[in-house]
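Please look over the fold and the selected contacts of this protein model. The briefing below goes topic by topic.

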Amino acid sequence: MTKKDRVIMNDDIRATELRCNVDGGESLGIISLDEAMEKANELGLDLVLIAPDAKPPVAKIMDYGKYRYQEERKLKEQRKNQVKIDVKEIKLSVKIAENDISYKVKHAREFLEQGKHVKFRVFLRGREMANPQAAREVLLRIWPMVEDIGVMDKSPKFEGRYYNMYVLPKK
């Protein structure tokens, strides 16, 4: 637990006066720490400091264990509803043969049908760096083979020693 996540509650509260609320909306106004602790004990709940920097600090009387459990459930639900994007990378070279292109495109089509993103990448070696246009032409030769099931997210772009092209599945 980081310092920011640490919750100040019950006996850890050092303020003498608090603006106190009860879980459920009832406001007790500004009362002393002893009164607030007494009320919390009477209800069998915890006194939790919500806004320690306020003047006077704001505290809430609540069942902290139940509150934390509900927060964890919300986070778990958010993670469950999150969509993880899978990016598959297909590496090519400038001197790739036509049958190798068709083989790699076949795999790219499978990935796109599964809903995965595909990144085509042409690596430029040594003297190939003098003519990066050749790598762009390889990518533009591939595009017509996948355009019926994919959408070009980023057109072929030169980055370092690579020419990259991103293709996303059609909705």
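Predicted model: local features only at pLDDT ≥ 70, side-chain atom pairs only at ≥ 80, totals over all residues.

Residues are numbered from 1 along each chain as its sequence is written, and side-chain values use heavy atoms, with hydrogens and water left out. The chain is assigned domain 1 (8-80) and domain 2 (87-169). Their centres, taken over C-alpha atoms, are separated by 57 Å.

**Domains and records**

- The domain bounds come from an automatic or database domain assignment.
- UniProt, in an unreviewed entry, places "domain: Translation initiation factor 3 N-terminal" at residues 9-78.
- The end C-alpha atoms of residues 9-78 are 27 Å apart, and this span is 37% helix and 33% strand.
- UniProt also places "domain: Translation initiation factor 3 C-terminal" (unreviewed entry) at residues 85-170.
- For residues 85-170, the end C-alpha atoms are 14 Å apart, with 35% helix and 37% strand.
- UniProt positions are given in the numbering used here, feature names are shortened, and annotations may be inferred rather than shown by experiment.
- Helices (H or I, at least four residues) and strands (E, at least two) are DSSP runs, numbered from the N terminus.

**Sheet β2-β1-β4-β3**

- Four strands make an open sheet with mixed pairing, in the order β2-β1-β4-β3; strands pair if DSSP finds at least two bridges between them.
- β2 (27-32) and β3 (46-51) are the edge strands; each has a single partner, so one side of each is left without a neighbour in the sheet.
- The twist from one strand to the next averages 35°; axes are lines fitted to C-alpha atoms, for helices over the stretch in contact, and angles run from 0 to 180 degrees between N-to-C directions.
- β1 and β2 are antiparallel, with five bridges, and the bridge partner of Glu-17 in β2 is Ser-32.
- Helix α1 (residues 33-43) packs on this sheet and touches β1, β2, β3 and β4 (58-62), its direction making about 130° with that of β2; contact means heavy atoms within 4.5 Å.
- β1 and β4 run parallel and are joined by four bridges; Arg-19 stands opposite Val-58 in β4.
- β3 and β4 pair antiparallel over five bridges, with Asp-46 opposite Met-62 in β4.
- The hairpin of β3 and β4 has six residues between the strands.
- Four of the five residues of β4 are buried (under 20% relative accessible area; exposed is over 50%, partly exposed in between, with a 1.4 Å probe and protein chains only), so β4 is largely enclosed by the rest of the structure.

**Sheet β5-β6-β8-β7**

- This open sheet has four strands in the order β5-β6-β8-β7, and its pairing is mixed.
- At the edges are β5 (87-93) and β7 (150-159), each pairing on one side only.
- Neighbouring strands are turned by 15° against each other on average, direction ignored.
- β5 pairs with β6 (residues 117-123) in the parallel sense over seven bridges; Val-118 in β6 is the bridge partner of Lys-88.
- Helix α3 (residues 98-113) packs on the sheet, touching β5, β6, β7 and β8 (162-169), and its direction makes about 170° with that of β5.
- Helix α4 (residues 133-146) also packs on the sheet, touching β5, β6, β7 and β8, and its direction makes about 15° with that of β8.
- β7 and β8 run antiparallel, joined by seven bridges; Gly-150 has Pro-169 in β8 as its bridge partner.
- Two residues lie between the strands of the β7 and β8 hairpin, where Gly-160 takes a positive phi near 65°.

**Asn-21**

- Asn-21 sits in strand β1 (residues 17-22) and is partly exposed, with a relative accessible area of 25%.
- Beyond neighbours within four places in sequence, Asn-21 contacts Glu-26, Ser-27, Val-58, Ala-59, Lys-60 and Ile-61.
- The C-alpha atoms of Asn-21 and Val-58 are 7.9 Å apart, although 37 residues separate them along the chain.
- The side chains of Asn-21 and Ser-27 make a polar contact (3.4 Å). A polar contact is a pair of N or O atoms within 3.5 Å; within protein, one must be able to donate a hydrogen and the other to accept it, and residues adjacent in sequence count only if both atoms are side-chain atoms.

**Lys-116**

- Lys-116 lies in the loop between α3 and β6.
- The side chains of Lys-116 and Gln-114 are joined by a polar contact of 3.1 Å.
- Leaving aside neighbours within four places in sequence, Lys-116 is in contact with Asp-86, Lys-88, Phe-111 and Pro-169.
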